Each structure stands twice: as structure tokens, then as C-alpha cells.
Amino acid sequence: MDSNFKATSFNIPECVLASSGRRMPLLGFGTAASPPVGSELTKTAIFQAMELGYRHFDTACLYGTEQPLGEAIAEALSVGLIKCRDELFITSKLWCGDAHGELVLPALQRSLRNLKLEYLDLYLIHWPVSSKPGIYEFPIKQEDFLPMDFNSVWKAMEDCQRLRLTKSVGVSNFSCKKLADILAFAKIPPAVNQKLREFCRTNGILLTAYAPLGAKGTIWGSNRVLECELLQEIAKEKGRTVAQICLRWAYEQGISILVKSFNKERMKSNLEIFNWTLSEEEVKKINEIPQSRLCGGEDYISKYGPFRTAEELWDGEI
């Protein structure tokens, strides 16, 4: 880790986002659940995560978890678990139905009302495609997809940062090509992309890994990661869990990580990755495991366009 990284009082290292100077904890807590769970269970899990030391929380309009996250934050403040809002790093995302230049600011304001916050720390474009305005259903009907006007949408995202309604802006699920298209005209470059490694490193963009353990239980996830024999062997030799080996490897790649478990013991276990290291040989073995894109974005492909195949959605980066 370079000089931009430092440890918090909760032993979760932070990184400075190049485009804003905002410090982001490199291990965050994801709030998406598939299938969705009730608001009360979500709120309880988030509050437990705060008790354990998590301070970075990832939500989205799509997830339906903005409101329970806001309620958990309010409760944590009221009981003194956190002293002020500034202790937290909160990320939310712009949904496809709001991915139109004139709708970006109202969408962010709606998210802030749900969260009962005055600002976000990071606001992301969730997917690189728009859909008919005012429709918030998922999956999106194939005939409702529209090509995104990247220029107007990104300009509106920049306006949100200038208005201080979000400290930083970024993207999620963008290919290198689509990210490069934004960089070509952006006045404020994306701070974070949830995917892609070398391109992001070269362009000063922090990469965030979501579903780093395979998202077992979701409609698109698998158990290939946790069932990997090599990872199981390394975990046994080091006296760690397979999940800890995976998260430590991702952390040593210099990226940020989002973990999601509503089980308190696993929440705690996921935090215990910072006071030990993998050997060079272990990292080499893990690096040699064949990798493939886990979330293929099939729900964002339509015979009507703008993306008719996975190759078009990811610009061949699959």
C-alpha cells in the first residue's frame, strides 16, 4: 500500500479518492440482498455491522435499502455508536430509469431523503444504459431500454458533486471502453469503478470489487469461489477461512472490497483480514486461478438495443 493509504481507528485501511480527496475505507458493507429481505432485518444487520466497526456502506435505489440504512444511521447517532455523520462513508447509485441528464439531480435528492442525509460520499451510475423515465421495475422490460447520453448524464453527476450533494462521483459495471469515453470529456473524472483493474490503476480510478466471494444464493452468483480446492488448501494451511483468503488477496491487489453478510459472526470474520499477509507463492497460485466475469449483466441486454449481446454490453471484455 502506498502513502495514500492509512488505517482508521477500526483497523480498516482507507484510500484517498483522487478526484475529490475524500478518504474511503477499503472494506465496505454491501446492503443488496437477492432475494430481498425485510427492512427491519436489513436495518438490524447494518446496525450490527456498525457495532463491529464497519463505516463504509453501499446501497442503491434498486436495492430498496436506502431507507433502512438511513434508519440505522439515525439510531447509531442517537445512541452514540457513531459521533457524527462524517465518520461514515455512504455510497448510493443512479438507477437506469433516472439515467437522463435532467433526472440525475432529482434522483440523488430522493436518495438523500430516503437516507435522511444531507450528502453522499459517493454516487455511482449503476449500469451504462438508460431506460424509460419514471419506471422503477426490475428486471427492466426489453422494450424499455434506451441508449444512455453519457455526456449529459455525466455532466449532471458532476453538477451533483459541485453542489456538494455528493463528495465524489463514479460508475459501476462499465467496460474500459465506456469508461474511456467518459474520461475523454469529463471535467471531474470518475473516482470509482466497481470492476476493471489495470485500466483503472493507469487512470487513477479506484477499483471496487462487489460480490468478491461469488454471491452464492443470488440468481446470478455461484459457489465456485468458496468451493475452490486451492483456496481451501491455502486457508487450511494458514488457519483462515476461504472467505478471508479471498478478501485478503483482493485487498493486496490495491482495490476496495464490498462484503455482504447479515450473519454477525461472518461480518466479524470478514473484518479480520488486515493483520496478516499472503506469501508471494500463495499470491502467485491465486493469480493463476482462471477468472471469468461473474455478473454478465444479462438483465441489461435487449433484442431492441442498445446492447443486444453481452459482447456489446462489455465491449468484448468478457
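The model is predicted, and local features are described where pLDDT is at least 70, side-chain atom pairs where it is 80 or more, while totals for chains, interfaces and linings use all residues. Residues are numbered from 1 along each chain as its sequence is written, and side-chain values use heavy atoms, with hydrogens and water left out.

**The nonpolar cores**

Begin by selecting Tyr 54, Phe 57, Ile 90, Leu 94, Ile 125 and Met 157, which have the most contacts inside the largest nonpolar core, a set of 83 residues. Such a core joins buried Ala, Val, Leu, Ile, Met, Phe, Trp, Tyr and Cys residues through side-chain atoms within 4.5 Å, where buried means under 20% relative accessible area, exposed over 50% and partly exposed in between, with a 1.4 Å probe and protein chains only. The largest share of this core, 8 residues, comes from helix H8; helices (H or I, at least four residues) and strands (E, at least two) are DSSP runs numbered from the N terminus. Now centre on Ile 125, which, leaving aside residues up to four places away in sequence, touches Leu 94, Met 148, Val 153, Trp 154, Met 157, Gly 170, Val 171, Ser 172 and Phe 174, contact being heavy atoms within 4.5 Å. A second, separate core of 12 residues can be found by selecting Val 129, Cys 295, Ile 301 and Leu 313, which are among its members.

**The cavity**

Next select Met 24, His 56, Asp 58, Thr 91, Leu 122, Leu 124, Val 192, Gln 194, Thr 208 and Leu 258, which line the largest cavity. On a 1 Å grid over the protein atoms alone, a cavity is a set of points where a 1.4 Å probe fits but cannot get out, a pocket is an open set with protein on both sides within 12 Å along at least five of seven lines, and lining residues have an atom within 4 Å of a point. About 40 Å³ of space lies in this cavity, a volume being the space filled by probe spheres set on the grid points, which are joined across faces, edges and corners. Strands S5 (56–58), S7 (122–125) and S11 (192–194) each supply at least two of the lining residues.

**The second largest pocket**

Move to Pro 212, Trp 249, Gln 291, Ser 292 and Leu 294, which lie nearest the centre of the second largest pocket among its 33 lining residues. The space there is about 1,200 Å³, and helix H6 (198–202), strand S12 (206–209) and helix H8 (242–252) each give at least two residues to the lining.

**Helix H10**

Select residues 280–287, helix H10, in which Glu 282, Val 283 and Ile 286 are buried. Seen down the axis of H10, these buried residues fall within an arc of 100 degrees, so they line one face of the helix; the arc is that of the directions from the helix axis to the C-beta atoms. Their cover includes helix H7 (229–238) and H8.

**Backbone details**

Finish with the backbone, remembering that most residues other than glycine have a negative phi, and most peptide bonds are trans. The bond from Phe 138 to Pro 139 is cis, with omega near 0 degrees, and another cis bond joins Gly 305 and Pro 306, with omega about 5 degrees. Leu 196, in the loop between S11 and H6, has a positive phi of about 70 degrees.
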